[in-house]
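The sequence and the structure are shown below.

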Amino acid sequence: MSESIQDKSLQKLTRDFYRQDALSVAPKLLGKLLVKNYNSRILSGMIVEVEAYRGTDDAASHTFNGKTKRNEVMYYEGGYLYVYFTYGMYHCCNVVTGKAGEGEAVLIRALQPVEGAEEMIKNRHLVKSADERMKNISNGPGKLCIALGIDRKHNGISLLGDKIYMTEYRNIKSENIITTERIGISKSKHLLWRFYIKDNEFLSR
DNA sequence: AGGGTGATATACT
DNA sequence: GTATATCACCCTT
């Protein structure tokens with residue numbers, strides 16, 4: 001208890017939080033910290049952009065056509081990481097939400113680096129020259145996975161453990177949360193299931 | 001605007 | 001089994 005000045009802002013998100021519906025969780029994830037233990041160092045970033053994906057009513061969701069080997073983690077109860085490989089070279093990182101069997105998740109689309117930016121730049125093979133490049137570290141779903149070193153090994157990992165987890169960080173006022181159509185999909189485009197922090201510099205677009 | 005890259009799903013022999 | 005289309009992306013022109 002010696003150094004236990006409990007910083008409320010860094011409290012881990014709970015199972016109850018993740019067990020809510022994807023559409024409830026998605027906007028609430030904005031301003032939270034995604035934390036990764038990386039070679040006993042901490043890499044972290046504030047979530048600034050997300051998209052919700054939900055099984056039955058969302059043709060763009062991996063779970064729209066039922067369970068497969070690839071998407072089975074999405075059917076876990078909320079609080080697990082769903083990581084999939086796409087376009088031959090990238091990974092995308094999702095937070096499973098809802099109750100077991102529902103097949104929902106929230107895609108993390110962009111982070112604002114908080115801790116370990118130097119390491120992230122190395123992971124991304126960027127040259128730290130200008131602030132311009134800093135914005136390029138984790139402003140996209142594929143990029144943030146490279147920056148944090150997230151790949152298929154992390155598929156199905158619990159967010160209540162110590163390898164990867166999320167904590168409280170900043171409170172984002174509702175008037176600073178923008179809602180739009182999702183990016184990069186062709187089906188169910190009309191659904192306004194993308195959420196991002198207004199005027200943040202680290203958005204994917 | 002187009003190419004790179006490979007897993008996955010679907011549609012065929 | 002094999003063939004083809006698609007894909008929740010990123011980078012370069």
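In this predicted model, the largest pocket has a volume of about 640 Å³. Its lining consists of 29 residues, and those closest to the pocket centre are Tyr84, Tyr87, Cys92, Ile183 and Gly184. By residue class, the lining of the largest pocket divides into 14 nonpolar, 10 polar and five charged residues.

Which residues surround DNA strand B? They are Asn65, Thr68, Phe85, Tyr87, Gly88, Met89, Tyr90 and Arg152. In this surface, four residues are nonpolar, three are polar and one is charged.

Sugar or phosphate accounts for 58% of the atoms of DNA strand B within 4 Å of the protein, and bases supply the rest.

| Residue | Protein atom | Atom of DNA strand B | Distance |
|---|---|---|---|
| Thr68 | side-chain N or O | phosphate oxygen | 3.1 Å |
| Tyr87 | backbone N or O | base oxygen | 2.6 Å |
| Gly88 | polar backbone atom | base nitrogen | 3.4 Å |

Thr68 therefore reaches a phosphate oxygen through its side chain, at a distance within the 3.5 Å cut-off for a polar contact. Tyr87 uses a backbone atom to approach a base oxygen, and Gly88 likewise pairs a polar backbone atom with a base nitrogen.

Conventions:
Residues numbered from 1 in each chain as written. Chains lettered and ligands numbered in written order. Predicted model: local features only at pLDDT ≥ 70, side-chain atom pairs only at ≥ 80, totals over all residues. Heavy atoms only, no water. Near = heavy atom within 4 Å. Polar contact = N/O pair within 3.5 Å; in protein donor to acceptor, adjacent residues only side chain to side chain. Nonpolar A, V, L, I, M, F, W, Y, C, P; charged D, E, K, R; others polar. 1 Å grid on protein atoms, 1.4 Å probe; cavity = no way out; pocket = protein on both sides within 12 Å on 5 of 7 lines; lining within 4 Å. Points joined across faces, edges and corners; volume = space filled by probe spheres on them.
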